[in-house]
Amino acid sequence: MGSVIVTGGAGYIGSHTIIELLNKSNYRIVSVDNFSNSSPLAYEKIKTVTSRPFETVDVDLCNEKELFSKLSLFTDIVGIIHFAAFKSVPDSVTNPILYYQNNNSSLQNILKFAQEKAIDNFIFSSSCSVYGNADELPVTEQTPLKRAESPYAHTKQIGEEIIGFFCEARPNFKTVVLRYFNPVGAHITGKIGEFPITKPNNLVPIITQTAVGKNALTVFGNDYDTRDGSCIRDYIHVSDVADAHVKAINFLIEGRNRKQISLFNLGTGNGVSVLEAIKSFEKVSGIKLNYKIGARRPGDVIAVYADNTLVKTELKWQAEYTLDDMMLSAWKWQQALD
Ligand code: UD1
C-alpha cells in the first residue's frame with residue numbers, strides 16, 4: 001500500500017485524520033510533527049481509539065536539511081497530507097512574519113521533498129479565509145478571492161498559488177486543495193480533541209472553557225450586517241474534515257481526479273452565527289453561558305459559508321455530524337481534559 005506522510009499529525013485536524021486513515025485505509029501512516037503548537041499526548045490519545053500502529057517523526061518542516069534526512073528513511077511514500085501550519089487569525093495579525101515564515105517555508109520544503117522523491121499525490125490544507133469578504137454567499141470554488149483579511153488568510157492564498165505554479169512545472173503532480181470552513185468539535189468518543197497548548201483563540205474551545213470557568217467568552221461584535229449582528233461561519237465537525245482527507249488521498253492515488261488541481265470547499269453549507277453557536281452549546285450541555293458582547297476582532301470576515309456541491313459530487317463526501325454533535329463532542333472533550 002505504501003506510506004502516507006501526515007505533516008502536523010499531532011495537531012488538531014492532523015490527529016483526527018490519522019484516526020480515520022488508520023481505521024479506513026491500509027496505508028502505513030507516518031506522522032511528522034515537532035510539537036511547536038501541539039502535544040505528543042495526541043499520539044497517546046489516537047491509540048485509545050484505534051488499533052493499528054503508526055510511525056512518528058519529530059521534524060521542524062522549516063528546516064530543510066532535517067526534513068530531508070529524516071523523511072528520506074521512508075522509501076515507499078505514496079502521498080503527503082500537509083496540515084502543518086499556524087492557524088490563529090488574531091496571532092497572525094499581531095505577528096505576520098512568523099506566519100509567512102512558518103506556513104510558507106514549510107510548504108516550500110515539503111514540496112521540494114515531494115519533487116526530489118517523485119511523490120505525486122499531495123493534499124493541502126487551505127481555508128475559507130482565502131475568500132475574504134466575498135461578494136456572494138454561499139461561496140463556490142469559483143467565487144473570486146478578495147483581499148485577505150489577515151496574514152493567516154494571506155499565507156493560505158499564497159500557499160495555493162505556490163502549488164499552482166509547482167503543478168505547472170510538474171505535470172505528474174496531482175493535488176487536492178481543501179478549503180476548510182470552521183473545523184470544531186472532538187472525536188465522537190470524547191477521548192481526543194484539540195489540546196489547548198496556549199490560550200485558545202477559536203470560538204468553540206473558548207465556549208467550553210467558559211463553561212468550566214477557565215475562560216470568559218466575549219462575542220466579538222453584534223453590530224455586523226447579519227441576522228443577529230454576530231459573524232456567520234460554517235462550522236464543520238473535525239471528524240467530517242478528517243474523513244474528507246481519506247477520500248481525497250484515495251481519490252488521487254486511484255487516479256480518479258479529472259484535473260491536476262482539485263479544489264474543494266469543505267463545509268456543511270450551513271451558515272451559523274456566533275450567538276446561534278452559543279445557543280447550541282447551551283442546549284446540549286444544559287449550561288447557561290455567562291458571556292459578554294465586545295468589540296469586533298481585527299481580521300474577521302463578516303460572513304462565510306460553503307456551497308459544497310463539488311466536494312459531494314466529486315469526492316463523494318458528505319458531512320455526518322450536526323452543530324449539536326459538534327458542541328456535544330467538544331463538551332465531552334472539555335470534561336475529559338478537566
Ligand atoms: C478562521 C478561518 C478558518 C480557519 C480558522 C483557524 C475565517 C473565515 N475562517 O476561523 O477557516 O480554520 O481560522 O483558526 O477566517 N469569536 C468570538 N469570540 C471568541 C472567539 C471567536 O466571538 O472568543 C467569533 C469570531 O469573531 C468569529 C467566530 O467566533 O466570528 C469564529 O472564530 P474562530 O473560531 O476564531 O474562527 P475563524 O477566525 O472564523
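Q: Which polar backbone atom lies 3.4 Å from an oxygen atom of the ligand?

A: Start with the term. A polar contact is a pair of N or O atoms within 3.5 Å; within protein, one must be able to donate a hydrogen and the other to accept it, and residues adjacent in sequence count only if both atoms are side-chain atoms. Here a polar backbone atom of N201 sits 3.4 Å from a ligand oxygen atom. N182 uses a polar side-chain atom, 3.0 Å from an oxygen atom of the ligand. For Y180, a backbone N or O atom is 3.3 Å from an oxygen atom of the ligand.

Q: What kind of model is this, and how are residues numbered?

A: This is a predicted model: local features need pLDDT of at least 70, side-chain atom pairs count only at pLDDT 80 or more, and totals for chains, interfaces and linings use all residues. Residues are numbered from 1 along each chain as its sequence is written, and side-chain values use heavy atoms, with hydrogens and water left out.

Q: Which elements give two or more residues to the shell around the ligand?

A: Elements first. Helices (H or I, at least four residues) and strands (E, at least two) are DSSP runs, numbered from the N terminus. The elements in question are β7 (182-184), α7 (203-211) and β8 (218-220). β8 gives the largest share, 3 residues.

Q: Which residues come nearest to the ligand, and how does the shell divide by type?

A: A residue is near a molecule or strand if one of its heavy atoms lies within 4 Å of it. There are 26 residues around the ligand, and K87, L203, T218, R233 and D300 come nearest. For types, Ala, Val, Leu, Ile, Met, Phe, Trp, Tyr, Cys and Pro count as nonpolar, Asp, Glu, Lys and Arg as charged, and the others, Gly among them, as polar. The shell divides into 16 nonpolar, 6 polar and 4 charged residues.

Q: How many residues of α7 are buried, and what covers them?

A: Buried means under 20% relative accessible area, exposed over 50%, partly exposed in between (1.4 Å probe, protein chains only). In α7, 8 of the 9 residues are buried. Among them are L203, I206 and T210. Their cover includes β7, β10 (235-237), α9 (274-285) and α11 (323-337). After α7 comes G213, with a positive phi near 80°.

Q: Which residues touch the most other members of the largest nonpolar core?

A: A nonpolar core is a set of buried Ala, Val, Leu, Ile, Met, Phe, Trp, Tyr and Cys residues joined through side-chain atoms within 4.5 Å. The largest has 62 residues, and I29, I46, I123, V176, L266 and I278 touch the most other members. Helix α8 (residues 238-253) supplies the largest share of this core, 8 residues. Another core, of 26 residues, lies apart from it and includes V32, F68, F74 and V177.

Q: Is V30 buried or exposed, and what is it in contact with?

A: V30 lies in strand β2. V30 has a relative accessible area of 0%, so it counts as buried. Contact means heavy atoms within 4.5 Å. Leaving aside neighbours within four places in sequence, V30 is in contact with S3, V4, I5, V6, E55, V57 and F74. The C-alpha atoms of V30 and V57 are separated by 7.2 Å, and the two residues are 27 residues apart along the chain.

Q: What does the side chain of S25 reach?

A: S25 is found in the loop between α1 (12-24) and β2 (28-32). Its relative accessible area is 8%, so S25 is buried. The side chain of S25 reaches the backbone oxygen of L21 at 2.7 Å.

Q: Where is the cis peptide bond, and which residues other than glycine have a positive phi?

A: The peptide bond from L137 to P138 is cis, with omega near -5°. P138 is in the loop between β5 (121-127) and α6 (151-169). F35 has a positive phi, near 60°. F35 is partly exposed, at 25% relative accessible area. K316 also has a positive phi, near 55°. K316 counts as exposed, at 59% relative accessibility.
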